[in-house]
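Below are a sequence and a structure. Some questions and answers on them follow.

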Amino acid sequence: MTVDTRVEPGWDGLITLAERAVGLSDPNPRVACRLVLPDGRRFEGHTQAAGDAHAEVMALRAAQAAGADVRGATAYVTLEPCSHHGRTPPCCDALIVAGVARVVIAAIDPNPRVAGRGVERLRAAGIAVEVLPDDHPVARATHELNIGFWQRMRTGRPWVRMKVAASLDGITALPNGVSQWITGEAARTDGHAWRRRAGALLTGIGTVRSDDPRLDVRLVPTAWQPLRVVLDSGLDISPAARILQPPGTVLVYTASDPAATAERRAALAARGVTVIDRPGPPKTPGGAPKVDLAAVLADLAEREVNELHIEAGAQLNASWWRAGLVDELLLYVAPRLLGEGVGLTTLGPLTRLEDGWPLVFHDVGRVGPDLRIVARVPGRAPF
């Protein structure tokens, strides 16, 4: 993302540096820090894996490795330095001990354990602190890069993104089930880049049965694999399903009777799969119970998932929309017509246009020969 550097040149390229933490730092936010010394030299770093160094410490280490004295330096940080002991010590303390003279912050940390306390701590130590206005390009870019972190801190649930690939007339699969591949190679690679930024990838048992997907990140480099999540109300998944294969961790949410499915649960446990009971009401009176989608989100938030990426079939997609739990639609549209087939969802039929689910185009662009549309539920962004 190109940012406006007219305020201060110290921000130049810092969001691009923070993006290197995608697929690495979760559940921590993606942050970058640059130290600009009085003599003009620069040292920078970005957040590492959870439990390892944050961006400020990485920048200080880079300066130390070069034998540079950072006293009197200005630190540009995309997110407020933490002020609490979490997996690592407070970054505020590291900057104070290092003797920096000024800290410029793109955005205040939404974590209630920080939320301005970092600024207070720095100022109490005699350090000049400035915070960019929310409409500054670097502040906006920081929010967008960490939209799931903001969502979990402020609402207690992950940011829910639903990905769909379809033809120009909205078909995601032919009547015989064939769907590979409607969109091109560039769109598929781009889709894996979006998978990489998620804390969890989710699908349903219907997709597992029909497509036997791996639902992992393979087409772009990544330091880790997101959680893979299957919604399987009856716990019918085969232990041989490809989604259960390493690497990575798999969660299966079910509404099944624990006693009646004890053998299947044991077989999944032997594969390292965690089965989680989250039963909700049946879709029809007297029918079998279904997985409670809101309870799934609450549990994933407890597991510190910031962004949930859904790739499922039309029926499960519709269930998420009906529950009002989707925040963003990531839609790839191929320049072809397929006629009859499976649609994006099984929503409807509606009798009034105003009963539809409204969306706002957030970003529209080309990916190879295909179109990529990012559309959001109005007013859902957590900042």
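Q: Where is the place of C91?
A: This is a predicted model, in which local features need pLDDT of at least 70 and side-chain atom pairs count only at pLDDT 80 or more, while totals for chains, interfaces and linings use all residues. Residues are numbered from 1 along each chain as its sequence is written, and side-chain values use heavy atoms, leaving out hydrogens and water. Helices (DSSP runs of H or I, at least four residues) and strands (E, at least two) are numbered from the N terminus. On that numbering, C91 sits in helix 3.

Q: Is C91 buried or exposed?
A: Buried means under 20% relative accessible area, exposed over 50%, and partly exposed in between (1.4 Å probe, protein chains only). The relative accessible area of C91 is 1%, so C91 is buried.

Q: Which feature does UniProt place at H54, C82 and C91?
A: UniProt positions are in the numbering used here, feature names are shortened, and annotations may be inferred rather than shown by experiment. The unreviewed UniProt entry gives the feature as "binding site".

Q: Which residues does C82 touch, not counting those up to four places away in sequence?
A: C82 lies in the loop between strand 3 (74–77) and helix 3 (91–98). Its relative accessibility is 6%, so C82 counts as buried. With contact meaning heavy atoms within 4.5 Å, C82 touches H54, P89, P90, C91, C92 and V114.
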